Structures are given as structure tokens and as C-alpha cells.
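The tour below goes from one selection to the next.

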Amino acid sequence: MAGPKVGSIGEYIREQRQRAKISLRQLAEQAGVSNPYLSQIERGLRKPSAEILQQIAKGLRISAEALYIQAGILEHREADTDVQTAIRADISLSERQKQVLLDIYESFRRENAADTGPEHEALPDREDQER
């Protein structure tokens with residue numbers, strides 16, 4: 001029996017196909033898969049392989065990565081910040097040092113995100129307190 005991810009990838013493919021205004025038959029032809037197989041994918045009856053998803057993405061003219069994420073093959077990850085990119089690119093650091101720095105950086109970001117909620121007011125600067 002198909003799990004929830006299988007159905008969602010099929011629904012996603014159908015939505016993308018309809019947005020592109022192409023028929024099931026046209027997409028099947030462009031992706032190089034059979035019409036019945038594509039129909040089964042869209043209805044959540046079949047789970048496509050990564051290779052088939054890549055072919056479907058090409059037929060839809062969308063990124064294969066988007067389909068992989070939707071199918072649960074890849075995990076959605078936010079793009080690196082300049083700081084993260086710099087840490088990863090620094091050849092003078094060991095892999096362990098890089099990971100520790102990235103972990104510390106991420107903990108600061110999470111802490112700051114939590115502190116910016118509406119229930120937290122900005123604390124006055126030291127100069128403001130002295131006035």
C-alpha cells in the first residue's frame with residue numbers, strides 16, 4: 001500500500017503538469033515513460049525512482065531536486081550563509097574544527113531567532129543605560 005509521501009509526489013507532479021498546461025500523454029512522451037505508468041504515479045499508486053523523477057522533471061522543465069525533496073529522497077536544506085560558506089572553504093581548519101564552528105554559529109542563529117519574537121523587547125545598549 002502506498003505511503004503518504006508517494007501520494008504527495010504524485011499530486012505535486014500533477015499540479016506541476018497542470019501549471020505547465022501539458023497533458024498526461026505529452027508529459028509521458030517528453031519524460032520517456034509510459035502513459036499508464038505516469039498516471040499511476042500521479043494517482044499515488046506507484047513510487048517513482050530517482051531516475052524516473054529526473055526524467056519527469058526534465059519533461060516538466062523544473063529542477064529534479066524539487067521532485068527529490070517532494071518525494072523524500074533529499075532533505076530540504078536552506079542555502080548556506082556567507083559565514084557557513086567561508087567556514088567550509090577554509091583549508092586551514094580541520095573538518096572537526098569546521099563542524100564545531102558551524103554548530104556554534106547555528107546555535108547563535110537559533111538563539112537570536114528565538115529572541116526576536118514579539119514577547120521579547122530589545123534591551124537598551126550600555127550607552128543608553130548610562131544616560
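At what angle do helix 4 and helix 5 pack, and how far apart are their axes? In this predicted model, the angle is about 135° and the axes are 8 Å apart. Helix 4 is therefore oblique to helix 5. The crossing in which helix 4 passes helix 5 is right-handed.

Next, show side chains at this contact. On helix 4, select Ala50, Leu53, Gln54, Ile56 and Ala57; on helix 5, select Ala64, Leu67, Tyr68 and Ala71. Colour them by type: 8 are nonpolar, 1 is polar and none is charged.

Select Leu27, Gln30 and Ala31 on helix 2, which meet Gln55, Ile56, Gly59 and Leu60 on helix 4. This contact divides into 4 nonpolar and 3 polar residues, with no charged ones.

Now turn to the largest nonpolar core, which has 21 residues. Ile13, Leu38, Ile56 and Leu67 have the most contacts inside it. At least two residues of this core come from each of helix 1 (4-19), helix 2, helix 3 (35-42), helix 4 and helix 5 (64-71). Helix 4 gives the most, with 5 residues.

Last, centre on Ile13. Which residues does Ile13 contact, leaving aside neighbours within four places in sequence? Select Leu27, Leu38, Ile41, Glu42, Leu53, Ile56, Leu60 and Leu67 to display them.

Note on methods
Residues numbered from 1 in each chain as written. Predicted model: local features only at pLDDT ≥ 70, side-chain atom pairs only at ≥ 80, totals over all residues. Heavy atoms only, no water. Contact = heavy atoms within 4.5 Å. Helix = DSSP H or I, 4+ residues; strand = E, 2+ residues; numbered from the N terminus. Nonpolar A, V, L, I, M, F, W, Y, C, P; charged D, E, K, R; others polar. Core = buried A, V, L, I, M, F, W, Y, C linked by side-chain atoms within 4.5 Å. Buried < 20%, exposed > 50% of the residue type's maximum accessible area, 1.4 Å probe, protein only. Axes fitted to C-alpha atoms, helices over the stretch in contact; angles between N-to-C directions. Parallel < 35°, antiparallel > 145°, perpendicular 65-115°, else oblique. Left-handed = near helix turned anticlockwise from the far one by under 90°.
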